Structures are given as C-alpha cells and as structure tokens.
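The sequence and structure are shown below.

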Amino acid sequence: MRVDIVTIFPTFFDVLDISLIGKARGSGLLDIRAHDLRDWTHDRHRTVDDTPYGGGAGMVMKPEPWGEALDALLTPEAVLIVPSPAGEVFTQPTARELSAEAHLVFACGRYEGIDQRVIDHYAQSHRVRLISLGDYVLNGGEVAAMAMVEAVSRLIPGVVGNPASLVEESHEDGLLEYPSYTKPAQWRGEDVPPVLLSGNHGAIAQWRRDRSLERTERVRPDLLPEAPGA
Ligand SMILES: N#Cc1c(-c2ccc3ccn(Cc4cccnc4)c3c2)n[nH]c1N
C-alpha cells in the first residue's frame, strides 16, 4: 500500500519510521510519504492560508497549494481522505475497508479547515472521504491521520507478526476484548483466573467470550449485536 500525507507539519509523521510500521516501510510492504504543503506555494512567505469569505474568526487554507499538491500526488485509484470534524466517524470496519486499497492520500488541514472547493473539485474525479476521529475537537488533521494510518496499516498482511492476534482484539469481532494476564501467576496477592491455567481450551474460550460480553455490556452496550444500529 502507498500512503501519501500532505501537511504543513511533515515531521509530525517521523514517528512512522519506528516500530512495526517502520519495519513494514523498510521491507517495502508500506510506502508511506509525508509531504510539506508549503512545497507547493510560490510566494516568499510560503502562504497556505487566508481570511474566510463571509467573515468570522480564524483562517482558511487556500485552494491553490492544495490543488497543486493533490494534482501531483493523486493516482486514479487513490482514495482521498480528509480528516474533518464534519466527517463520518472512523471505525474498525472503515479501517478494514481502507486496508484493501492500493493508495491512500491524506489531506491534513489546519486553521479552520481547507477551502471547500478543493473537496468538491476532487470528488468529481476521485473517491473522497471526510473522516472524523471522534466527537471532540482537534487543532488539525495530523493526529487523526496518524491514528488512521496505524489502524489501517496494521491490518495489511505481514505488518503485524501474528495475524491471529488481530482477530481477538477489541472491535474486531464487534465486542470489546477480554482481559489478559501473564506471569507471574500471583502478583501482590492477586491470582490469575484459574481457568486460564487449566489447559482446558474449551473452558478458556468460553471464559474469554463471557468476559468480552460482560465488558461490552458494561462499557459499550451500543456495540452489542442486538443494540439498535449495531
Ligand atoms: N479528524 C478529525 C477531527 C478534527 C479536525 C480535523 C481536521 C482539522 C483541520 C482544522 N481543524 C481545526 C478545526 C477545529 C474545529 C472546527 N474546524 C476546524 C481540524 C480538526 N477535530 N476533531 C476531529 N475528530
């Protein structure tokens, strides 16, 4: 998968050089590139923003640099992802959907956002998705893009060592994951649940399913299969 990220803070994504994603980039599984939007400006101050038409607080990102950047980076098959508080909320099903794509381009806005004409222009020729990380306000699209890149990348075969570990995670089967334990068997007077030491794989599977349902009912009843909209 190729991922291009356009931002005025390209060094924000240096963290993608480490850990599993860094290894996947090194092996060629992932081709992730961060680009400085200001490279597509032509004035002395490398201007990317201006005052909003209609007045109001803050600044809006100018369409010209975005047009030149996206013309240079978008391929016909690319999905243009615009992190936005006005977007669909990012979920694990969305991550799985995007992990099947060949090319993702993230347009990370700042200030009050990107001139709407940029989104409207590229929607005529590409799949464009406005996606929100959640119902809270961030200062720009970079944190959201980072979360989405990680959630999508880890679903690509070969990025995470043991693919079986992806199956039992929270949200993968629609429920929250069961609690996990490791050695020592007793820690500060607390024992590991005996069933996990029993070697009875059927009982262990049932215990884990029960804990997963119990945790989901308590913390996220909206995720339960019978919940409306689940
Ligand atoms: N994804 C996502 C987001 C964002 C987000 C994404 C991109 C931009 C570009 C600018 N801002 C600041 C801003 C703040 C308020 C109104 N309008 C703009 C962004 C916030 N906020 N919250 C999310 N879940």
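## Backbone contacts to the ligand

A nitrogen atom of the ligand lies 3.4 Å from a backbone N or O atom of isoleucine 131. Leucine 133 likewise places a backbone N or O atom 3.3 Å from a nitrogen atom of the ligand. At glycine 134, a polar backbone atom is 2.9 Å from a nitrogen atom of the ligand. Of the 510 Å² of accessible area that the ligand has on its own, the protein covers 87% (areas by the Shrake-Rupley method with a 1.4 Å probe; for residues, only the protein chains shown count as cover).

## Basis and confidence of the model

The model is predicted: local features need pLDDT of at least 70, side-chain atom pairs count only at pLDDT 80 or more, and totals for chains, interfaces and linings use all residues. Residues are numbered from 1 along each chain as its sequence is written, and side-chain values use heavy atoms, with hydrogens and water left out.

The protein chain has a mean pLDDT (the predictor's confidence in each residue, from 0 to 100) of 94, and 96% of its residues reach 70 or more. The scores of the model are ipTM 0.98 and pTM 0.94.

## The shell around the ligand

Around the ligand there are 19 residues, of which Pro83, Ser132, Gly134, Tyr136 and Leu138 come nearest (a residue is near a molecule or strand if one of its heavy atoms lies within 4 Å of it). The shell divides into nine nonpolar, eight polar and two charged residues (Ala, Val, Leu, Ile, Met, Phe, Trp, Tyr, Cys and Pro count as nonpolar, Asp, Glu, Lys and Arg as charged, and the others, Gly among them, as polar).

Strands S5 (79-89) and S7 (127-132) each supply at least two residues of this shell (strands are DSSP runs of E, at least two residues; helices are runs of H or I, at least four; both are numbered from the N terminus). The largest share, three residues, comes from S5.

Helix H5 (residues 142-153) has 12 residues and reaches 16 Å from its first C-alpha to its last, close to the 16 Å expected at 1.5 Å a residue (1.5 Å times one less than the number of residues). Nine of its 12 residues are buried, so H5 is largely enclosed by the rest of the structure (buried means under 20% relative accessible area, exposed over 50%, partly exposed in between; 1.4 Å probe, protein chains only). Among the buried residues are Glu142, Met146 and Val149.

Threonine 7 belongs to strand S1 (residues 2-7) and is buried, with a relative accessible area of 0%. Its side chain makes a polar contact with the side chain of glutamate 142 (2.6 Å). A polar contact is a pair of N or O atoms within 3.5 Å; within protein, one must be able to donate a hydrogen and the other to accept it, and residues adjacent in sequence count only if both atoms are side-chain atoms.
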